[in-house]
Amino acid sequence: MRNLILEIIKQRPLLFDGAMGTMLMKAGQGSLKTPILLNLDEPDLVTDIHRQYYAAGADVVITNTFGGSPLKLVADGLEQQMVELNREAGRLTRQACPDGKFVAGDIGPSGKMLKPLGDVAPEDMLDNFFSQAAVLIASGVDLIIIETMYSLDEALAAVQGARKAGDILVLASMTYTRTKNGFFTVMGENVSQCVAALEEAGADMMGANCTLNSADIIDLTKDLRAATDKPLLIQPNAGKPVTSKGITYYEQTAAEFAADAKKIHAAGADMIGGCCGTTPEFIEAVKGELANS
Ligand SMILES: [Zn+2]
């Protein structure tokens with residue numbers, strides 16, 4: 001599977017899915033604090049969203065396991081269900097996945113800080129991600145995507161944990177904010193620093209997601225491309241959320257987002273998907289634009 005994915009990337013851009021949270025909001029489940037529980041409580045809803053993304057043209061769909069690491073689940077009182085929640089998520093995504101397409105096991109931040117800022121020891125952080133990655137890999141995912149990481153040290157623990165859990169492609173995607181001095185994580189790390197350390201830790205593929213909209217992420221894509229030869233995944237938000245009369249929507253339209261996706265591809269992204277605010281409509285529009293490039 002590793003080679004198949006890398007072969008496709010050499011030939012054409014690989015398309016990822018859009019947001020899960022935005023789709024859950026549309027389905028009336030947006031207020032849920034723990035969307036991962038839907039893997040057990042509303043499996044048909046989760047599978048249906050995955051199916052919509054594959055139908056829209058996504059080659060890779062991400063499991064509903066963003067908050068599924070043990071440390072994160074402890075905060076929600078769900079640690080006893082860690083194995084079940086992640087295993088079911090892998091199964092539901094695979095169920096929706098057509099032949100020739102792929103499933104990525106999703107790993108998000110732990111919500112905890114490493115020592116000395118927080119109280120988690122490095123080896124415990126590594127174990128946290130190892131445990132989740134091991135369940136996702138056993139459930140049959142084709143790759144692991146570590147995403148929305150705002151701390152390089154935590155992302156490194158996640159890459160090391162996933163590496164330890166199995167021989168599988170590992171993608172590490174950080175979230176960066178734009179400053180007048182360039183792009184930085186919330187913890188103050190810059191692009192070249194992140195990429196070099198993540199490569200050293202064993203990440204096969206690099207990425208950036210969330211925080212920035214599709215226009216702002218074009219320059220970040222150029223910086224990332226200059227910093228690494230590894231395959232690159234870019235997943236912007238659809239702008240900022242706006243709430244009006246109790247309804248939340250995102251600033252960008254699918255057409256605007258897709259026009260930028262073409263520029264993101266030209267700037268060096270091998271893989272493109274969407275983060276907050278994106279829906280199957282966005283992914284379909286991106287597919288259309290990329291087909292014309
Ligand atoms: Zn996001």
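Biologist: Which strand does E9 (residues 232-237) join, and how many bridges link the two?

Modeller: The model considered here is predicted. In it, strand E9 is joined by two bridges to strand E12 (residues 271-272), and the two strands run parallel.

Biologist: What is the order of the strands in the open sheet?

Modeller: The sheet has eight strands with parallel pairing, in the order E1-E12-E9-E8-E5-E4-E3-E2. Strand E1 (14-15) and strand E2 (60-62) are at the edges; each has a single partner strand, so one side of each lacks a neighbour in the sheet.

Biologist: Which strands does H8 lie across?

Modeller: Helix H8 lies across strand E4 (143-149) and strand E5 (169-174), and runs at about 170° to E4.

Biologist: Which residues of the largest nonpolar core touch the most other members?

Modeller: As a general idea, nonpolar side chains in soluble globular proteins tend to be buried together. Here the largest nonpolar core holds 70 residues, and those touching the most other members are Ile-144, Ile-146, Tyr-176, Leu-198, Leu-220 and Leu-224. Helix H8 (residues 152-165) supplies the largest share of this core, seven residues. A second, separate core has 16 residues, including Ile-5, Leu-143, Ile-145 and Leu-233.

Biologist: Is Thr-63 buried or exposed?

Modeller: Residues under 20% relative accessible area are classed as buried. Thr-63 has 2% relative accessibility and therefore counts as buried. Thr-63 is located in the loop between E2 and helix H5 (70-75), and its side chain reaches the backbone nitrogen of Asp-106 at 2.8 Å. Beyond four places in sequence, the residues that Thr-63 touches include His-50, Val-103 and Leu-136.

Key
Residues numbered from 1 in each chain as written. Predicted model: local features only at pLDDT ≥ 70, side-chain atom pairs only at ≥ 80, totals over all residues. Heavy atoms only, no water. Core = buried A, V, L, I, M, F, W, Y, C linked by side-chain atoms within 4.5 Å. Buried < 20%, exposed > 50% of the residue type's maximum accessible area, 1.4 Å probe, protein only. Helix = DSSP H or I, 4+ residues; strand = E, 2+ residues; numbered from the N terminus. Pairing = 2+ DSSP bridges. Contact = heavy atoms within 4.5 Å. Axes fitted to C-alpha atoms, helices over the stretch in contact; angles between N-to-C directions. Polar contact = N/O pair within 3.5 Å; in protein donor to acceptor, adjacent residues only side chain to side chain.
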